[in-house]
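This report describes selected local features of one protein model. The sequence and structure are shown first, and the description follows.

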Amino acid sequence: MPDYRAHFDFDIRFANGGDLSGTGFRLDLPSADPSEAEIGRLLVQHLGLALVDEVELRGLRIVEEPHRGSRGIGADAPVVAAATRVVDLSHPIRAGLVTYPGLPAPTITPHLTREDSRARYAPGTEFAMDILTMIGNTGTYLDSPFHRYAEGPDLAGLDLSSLVGLRAEVFHLEDAWTPERRGIRPETLADRDVRGAAVLLHTGWDRWFGRPEYGAGAPFLTGEGAQWLIDAGAALVGIDSLNIDDTESGGERPAHSLLLGAAVHVVEHLTNLGELPPRGARFTAAPPAVEGFGTFPVRAFAELPA
(Lines give C-alpha, C1' and ligand atoms only; values in the text may rest on other atoms or scores of the structure.)
Protein backbone atom coordinates (compact mmCIF):
# COMPACT_ATOMS: atom_id res chain seq x y z
CA MET A 1 0.00 0.00 0.00
CA PRO A 2 1.54 3.38 -0.98
CA ASP A 3 2.53 6.07 1.52
CA TYR A 4 1.56 9.71 1.11
CA ARG A 5 3.13 12.96 2.29
CA ALA A 6 1.99 16.58 2.25
CA HIS A 7 4.23 19.40 0.98
CA PHE A 8 3.35 22.93 2.12
CA ASP A 9 4.28 26.22 3.76
CA PHE A 10 2.54 27.14 7.01
CA ASP A 11 1.72 29.86 9.53
CA ILE A 12 0.74 28.92 13.09
CA ARG A 13 -0.70 31.37 15.61
CA PHE A 14 -0.84 30.55 19.32
CA ALA A 15 -3.75 31.20 21.66
CA ASN A 16 -1.49 32.82 24.25
CA GLY A 17 0.39 35.00 21.75
CA GLY A 18 3.15 34.53 19.20
CA ASP A 19 3.37 32.71 15.89
CA LEU A 20 5.46 30.19 13.97
CA SER A 21 6.06 29.92 10.21
CA GLY A 22 7.70 27.34 7.99
CA THR A 23 8.43 26.82 4.30
CA GLY A 24 8.91 23.68 2.25
CA PHE A 25 7.60 21.45 5.03
CA ARG A 26 6.88 17.76 4.43
CA LEU A 27 4.57 15.66 6.60
CA ASP A 28 3.61 11.96 6.57
CA LEU A 29 -0.13 11.37 6.01
CA PRO A 30 -2.31 8.44 7.13
CA SER A 31 -4.19 8.40 3.79
CA ALA A 32 -4.24 9.99 0.36
CA ASP A 33 -7.12 12.42 0.93
CA PRO A 34 -7.14 14.10 4.35
CA SER A 35 -8.70 17.55 4.59
CA GLU A 36 -6.58 20.65 5.00
CA ALA A 37 -7.83 20.98 8.58
CA GLU A 38 -6.76 17.39 9.33
CA ILE A 39 -3.31 18.05 7.91
CA GLY A 40 -3.05 21.17 10.06
CA ARG A 41 -3.80 19.13 13.17
CA LEU A 42 -1.29 16.46 12.19
CA LEU A 43 1.29 19.25 11.84
CA VAL A 44 0.52 20.47 15.37
CA GLN A 45 0.84 16.92 16.71
CA HIS A 46 4.07 16.26 14.79
CA LEU A 47 5.67 19.44 16.14
CA GLY A 48 4.37 18.83 19.68
CA LEU A 49 2.90 22.33 19.91
CA ALA A 50 0.61 23.39 22.76
CA LEU A 51 -2.07 26.12 22.85
CA VAL A 52 -2.33 26.47 19.08
CA ASP A 53 -5.14 28.78 17.97
CA GLU A 54 -5.01 28.74 14.16
CA VAL A 55 -3.12 26.87 11.45
CA GLU A 56 -2.89 28.19 7.88
CA LEU A 57 -1.39 26.05 5.09
CA ARG A 58 -0.14 27.49 1.80
CA GLY A 59 0.74 25.75 -1.46
CA LEU A 60 -0.49 22.37 -0.21
CA ARG A 61 0.37 19.35 -2.39
CA ILE A 62 -0.18 15.67 -1.54
CA VAL A 63 2.26 13.28 -3.19
CA GLU A 64 2.95 9.56 -3.09
CA GLU A 65 6.18 9.32 -1.11
CA PRO A 66 7.62 6.97 1.54
CA HIS A 67 6.95 7.92 5.16
CA ARG A 68 9.77 9.32 7.28
CA GLY A 69 8.29 8.49 10.70
CA SER A 70 6.28 11.61 11.59
CA ARG A 71 5.01 11.71 15.15
CA GLY A 72 1.27 10.99 15.27
CA ILE A 73 1.28 8.44 12.40
CA GLY A 74 1.00 4.97 13.92
CA ALA A 75 2.04 6.14 17.39
CA ASP A 76 1.12 4.04 20.40
CA ALA A 77 -0.41 5.53 23.54
CA PRO A 78 2.11 6.33 26.26
CA VAL A 79 2.47 4.02 29.24
CA VAL A 80 1.58 5.40 32.66
CA ALA A 81 3.53 4.42 35.75
CA ALA A 82 2.04 3.16 39.01
CA ALA A 83 0.18 5.79 41.04
CA THR A 84 1.35 6.97 44.44
CA ARG A 85 -0.67 10.15 45.12
CA VAL A 86 -4.37 10.96 44.79
CA VAL A 87 -5.68 14.42 43.82
CA ASP A 88 -9.35 15.13 44.56
CA LEU A 89 -10.99 16.80 41.56
CA SER A 90 -14.51 17.14 43.03
CA HIS A 91 -16.37 20.00 44.68
CA PRO A 92 -17.87 19.08 48.08
CA ILE A 93 -21.68 18.94 48.17
CA ARG A 94 -23.43 20.75 50.99
CA ALA A 95 -26.96 21.89 51.75
CA GLY A 96 -27.78 25.07 49.83
CA LEU A 97 -24.98 24.62 47.24
CA VAL A 98 -25.70 26.39 43.93
CA THR A 99 -24.00 24.44 41.16
CA TYR A 100 -25.82 25.85 38.15
CA PRO A 101 -27.96 29.01 38.33
CA GLY A 102 -31.65 28.17 38.29
CA LEU A 103 -31.33 24.55 39.42
CA PRO A 104 -32.50 23.58 42.93
CA ALA A 105 -29.90 23.46 45.69
CA PRO A 106 -29.56 20.26 47.73
CA THR A 107 -31.26 19.87 51.10
CA ILE A 108 -30.24 17.55 53.93
CA THR A 109 -32.78 16.54 56.55
CA PRO A 110 -32.60 13.93 59.34
CA HIS A 111 -34.45 10.65 59.08
CA LEU A 112 -33.07 9.43 62.39
CA THR A 113 -31.13 11.73 64.69
CA ARG A 114 -28.34 10.47 66.95
CA GLU A 115 -30.43 11.38 69.96
CA ASP A 116 -33.45 9.37 68.77
CA SER A 117 -31.28 6.42 67.77
CA ARG A 118 -30.07 5.92 71.33
CA ALA A 119 -33.46 4.43 72.25
CA ARG A 120 -33.15 1.82 69.48
CA TYR A 121 -29.64 0.49 70.07
CA ALA A 122 -27.52 -0.79 72.91
CA PRO A 123 -26.09 1.71 75.40
CA GLY A 124 -23.27 3.71 73.88
CA THR A 125 -24.37 2.92 70.30
CA GLU A 126 -25.87 5.65 68.13
CA PHE A 127 -26.29 6.43 64.44
CA ALA A 128 -27.34 9.30 62.18
CA MET A 129 -29.47 8.59 59.10
CA ASP A 130 -30.14 11.55 56.84
CA ILE A 131 -32.09 12.25 53.66
CA LEU A 132 -30.34 14.08 50.83
CA THR A 133 -32.62 15.66 48.24
CA MET A 134 -30.89 17.00 45.14
CA ILE A 135 -30.98 17.17 41.38
CA GLY A 136 -28.50 14.93 39.59
CA ASN A 137 -26.71 18.03 38.25
CA THR A 138 -25.13 18.88 41.60
CA GLY A 139 -21.47 19.45 42.39
CA THR A 140 -19.05 17.57 40.14
CA TYR A 141 -21.14 15.17 38.06
CA LEU A 142 -21.04 12.79 35.12
CA ASP A 143 -23.45 12.79 32.19
CA SER A 144 -24.37 9.44 30.67
CA PRO A 145 -25.85 9.20 27.14
CA PHE A 146 -29.32 8.83 28.74
CA HIS A 147 -29.02 12.45 29.91
CA ARG A 148 -29.29 13.58 26.27
CA TYR A 149 -30.83 10.59 24.47
CA ALA A 150 -33.81 8.56 25.72
CA GLU A 151 -32.44 5.39 24.13
CA GLY A 152 -28.89 5.87 25.47
CA PRO A 153 -27.35 3.92 28.38
CA ASP A 154 -28.28 5.21 31.83
CA LEU A 155 -25.95 5.35 34.83
CA ALA A 156 -26.48 1.65 35.54
CA GLY A 157 -25.65 0.79 31.94
CA LEU A 158 -22.17 2.31 31.89
CA ASP A 159 -19.11 0.10 31.59
CA LEU A 160 -16.94 0.70 34.67
CA SER A 161 -13.80 0.08 32.65
CA SER A 162 -14.59 3.27 30.74
CA LEU A 163 -14.72 5.29 33.97
CA VAL A 164 -11.89 3.96 36.14
CA GLY A 165 -8.15 4.45 35.79
CA LEU A 166 -8.23 6.22 32.43
CA ARG A 167 -5.04 7.73 31.08
CA ALA A 168 -5.44 11.47 31.59
CA GLU A 169 -4.47 14.09 29.04
CA VAL A 170 -4.73 17.43 30.86
CA PHE A 171 -4.88 20.60 28.76
CA HIS A 172 -3.93 23.69 30.77
CA LEU A 173 -5.89 26.39 28.96
CA GLU A 174 -6.11 29.29 31.41
CA ASP A 175 -4.42 31.61 28.90
CA ALA A 176 -5.91 30.02 25.77
CA TRP A 177 -9.31 31.74 25.86
CA THR A 178 -10.61 35.26 26.39
CA PRO A 179 -14.04 36.71 27.30
CA GLU A 180 -14.44 37.56 23.61
CA ARG A 181 -13.35 34.13 22.42
CA ARG A 182 -14.46 31.60 25.02
CA GLY A 183 -14.72 28.49 22.83
CA ILE A 184 -12.02 25.81 22.93
CA ARG A 185 -11.32 24.70 19.36
CA PRO A 186 -9.74 21.54 17.90
CA GLU A 187 -6.48 23.26 16.96
CA THR A 188 -5.84 23.94 20.66
CA LEU A 189 -6.10 20.21 21.42
CA ALA A 190 -4.31 18.75 18.41
CA ASP A 191 -0.84 18.33 19.95
CA ARG A 192 -1.81 15.15 21.86
CA ASP A 193 -2.71 11.53 21.24
CA VAL A 194 -6.01 11.22 23.16
CA ARG A 195 -7.04 7.73 22.07
CA GLY A 196 -8.72 5.98 25.01
CA ALA A 197 -7.93 8.89 27.32
CA ALA A 198 -9.82 11.13 29.70
CA VAL A 199 -9.35 14.59 28.20
CA LEU A 200 -9.45 17.13 31.06
CA LEU A 201 -9.85 20.80 30.13
CA HIS A 202 -8.34 23.10 32.76
CA THR A 203 -9.76 26.58 32.15
CA GLY A 204 -9.41 27.97 35.68
CA TRP A 205 -13.12 28.83 35.82
CA ASP A 206 -13.56 26.67 38.94
CA ARG A 207 -12.21 29.58 40.99
CA TRP A 208 -15.72 31.09 40.77
CA PHE A 209 -17.62 27.91 41.74
CA GLY A 210 -20.44 28.62 44.20
CA ARG A 211 -20.34 32.36 43.46
CA PRO A 212 -22.56 34.46 41.15
CA GLU A 213 -19.60 35.05 38.79
CA TYR A 214 -19.59 31.34 37.93
CA GLY A 215 -22.87 31.58 36.02
CA ALA A 216 -21.92 33.84 33.10
CA GLY A 217 -19.05 34.26 30.66
CA ALA A 218 -17.69 30.74 31.15
CA PRO A 219 -15.33 29.01 28.70
CA PHE A 220 -16.63 25.95 26.84
CA LEU A 221 -15.78 23.31 24.24
CA THR A 222 -16.91 24.11 20.70
CA GLY A 223 -18.84 21.59 18.64
CA GLU A 224 -15.84 21.33 16.32
CA GLY A 225 -13.61 20.61 19.32
CA ALA A 226 -16.00 17.90 20.52
CA GLN A 227 -16.07 16.27 17.08
CA TRP A 228 -12.28 16.32 16.89
CA LEU A 229 -12.03 14.56 20.27
CA ILE A 230 -14.54 11.94 19.13
CA ASP A 231 -12.62 11.34 15.91
CA ALA A 232 -9.37 11.18 17.88
CA GLY A 233 -10.80 8.42 20.11
CA ALA A 234 -11.20 10.17 23.48
CA ALA A 235 -13.07 8.07 26.06
CA LEU A 236 -14.18 10.89 28.37
CA VAL A 237 -14.08 14.68 28.37
CA GLY A 238 -14.09 16.72 31.57
CA ILE A 239 -14.07 20.46 32.19
CA ASP A 240 -13.76 22.72 35.24
CA SER A 241 -16.31 25.19 33.89
CA LEU A 242 -20.04 25.90 34.18
CA ASN A 243 -20.86 23.64 31.25
CA ILE A 244 -19.07 21.84 28.46
CA ASP A 245 -21.32 23.81 26.07
CA ASP A 246 -21.90 27.53 25.68
CA THR A 247 -24.94 28.19 27.88
CA GLU A 248 -25.34 31.64 26.34
CA SER A 249 -25.87 30.38 22.77
CA GLY A 250 -29.67 30.21 22.83
CA GLY A 251 -30.13 26.59 23.86
CA GLU A 252 -27.83 24.81 21.43
CA ARG A 253 -25.77 22.03 23.02
CA PRO A 254 -23.46 20.67 20.28
CA ALA A 255 -20.75 19.33 22.61
CA HIS A 256 -23.24 17.37 24.72
CA SER A 257 -25.09 16.11 21.64
CA LEU A 258 -21.96 14.97 19.83
CA LEU A 259 -20.03 13.50 22.77
CA LEU A 260 -22.94 11.64 24.39
CA GLY A 261 -24.17 10.51 20.98
CA ALA A 262 -20.76 8.90 20.47
CA ALA A 263 -20.79 7.33 23.99
CA VAL A 264 -18.02 9.66 25.18
CA HIS A 265 -18.65 10.44 28.86
CA VAL A 266 -18.88 14.06 30.02
CA VAL A 267 -17.80 15.26 33.48
CA GLU A 268 -18.58 18.86 34.42
CA HIS A 269 -17.61 21.17 37.31
CA LEU A 270 -14.23 19.61 37.98
CA THR A 271 -11.72 21.39 40.20
CA ASN A 272 -8.02 21.29 41.11
CA LEU A 273 -6.98 20.41 37.55
CA GLY A 274 -4.10 22.83 37.97
CA GLU A 275 -2.46 20.31 40.31
CA LEU A 276 -2.13 17.74 37.52
CA PRO A 277 0.69 17.45 34.97
CA PRO A 278 -0.24 17.47 31.27
CA ARG A 279 0.47 13.72 31.10
CA GLY A 280 1.11 10.87 33.49
CA ALA A 281 -2.03 10.73 35.68
CA ARG A 282 -4.90 8.25 35.80
CA PHE A 283 -8.47 9.58 36.08
CA THR A 284 -11.52 8.02 37.74
CA ALA A 285 -15.10 9.33 37.90
CA ALA A 286 -17.65 6.57 38.62
CA PRO A 287 -21.27 7.38 39.55
CA PRO A 288 -23.63 5.01 41.37
CA ALA A 289 -25.47 2.52 39.15
CA VAL A 290 -28.89 4.20 39.17
CA GLU A 291 -31.35 2.83 36.63
CA GLY A 292 -33.41 5.32 34.62
CA PHE A 293 -31.12 8.21 35.58
CA GLY A 294 -28.74 10.14 33.33
CA THR A 295 -26.64 12.41 35.56
CA PHE A 296 -25.21 12.05 39.05
CA PRO A 297 -22.40 13.47 41.21
CA VAL A 298 -19.07 11.62 41.21
CA ARG A 299 -16.01 11.66 43.41
CA ALA A 300 -13.63 12.39 40.57
CA PHE A 301 -9.94 11.98 41.31
CA ALA A 302 -6.57 11.51 39.66
CA GLU A 303 -3.76 9.17 40.62
CA LEU A 304 -0.23 10.43 40.03
CA PRO A 305 2.74 8.19 39.38
CA ALA A 306 6.04 8.20 41.22
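## Strand pairing in the sheet

Tyr4 has Glu64 in E3 as its bridge partner. E1 and E3 pair in the antiparallel sense over 10 bridges; two strands count as paired if DSSP finds at least two bridges between them. Strands (E, at least two residues) and helices (H or I, at least four residues) are DSSP runs, numbered from the N terminus. The model is predicted, so that local features need pLDDT of at least 70 and side-chain atom pairs count only at pLDDT 80 or more, while totals for chains, interfaces and linings use all residues. Residues are numbered from 1 along each chain as its sequence is written, and side-chain values use heavy atoms, with hydrogens and water left out.

Strand E1 (residues 4-14) is also joined to strand E2 (residues 19-29), by nine bridges, and these two run antiparallel. Arg13 has Asp19 in E2 as its bridge partner. The hairpin of E1 and E2 has four residues between the strands, and Gly17 takes a positive phi near 105° there.

Pro30 lies in the loop between E2 and helix H1 (36-47). With a relative accessible area of 55%, Pro30 is exposed (buried means under 20%, exposed over 50%, partly exposed in between, with a 1.4 Å probe and protein chains only). Pro30 and Leu42 are 12 residues apart in sequence, and their C-alpha atoms are 9.5 Å apart in space.

## Surroundings of Thr295

Thr295 belongs to strand E15 (residues 295-297) and counts as buried, at 4% relative accessibility. Its side chain makes a polar contact of 2.9 Å with the side chain of Asp143 and one of 3.1 Å with the side chain of His147. A polar contact is a pair of N or O atoms within 3.5 Å; within protein, one must be able to donate a hydrogen and the other to accept it, and residues adjacent in sequence count only if both atoms are side-chain atoms.

## Packing of H3 and H4

Helix H3 (residues 223-231) and helix H4 (residues 254-261) pack at an angle of about 15°, with axes 8 Å apart. Axes are lines fitted to C-alpha atoms, for helices over the stretch in contact, and angles run from 0 to 180 degrees between N-to-C directions. H3 is therefore roughly parallel to H4 (angles under 35 degrees count as roughly parallel, over 145 as roughly antiparallel, 65 to 115 as roughly perpendicular and the rest as oblique).
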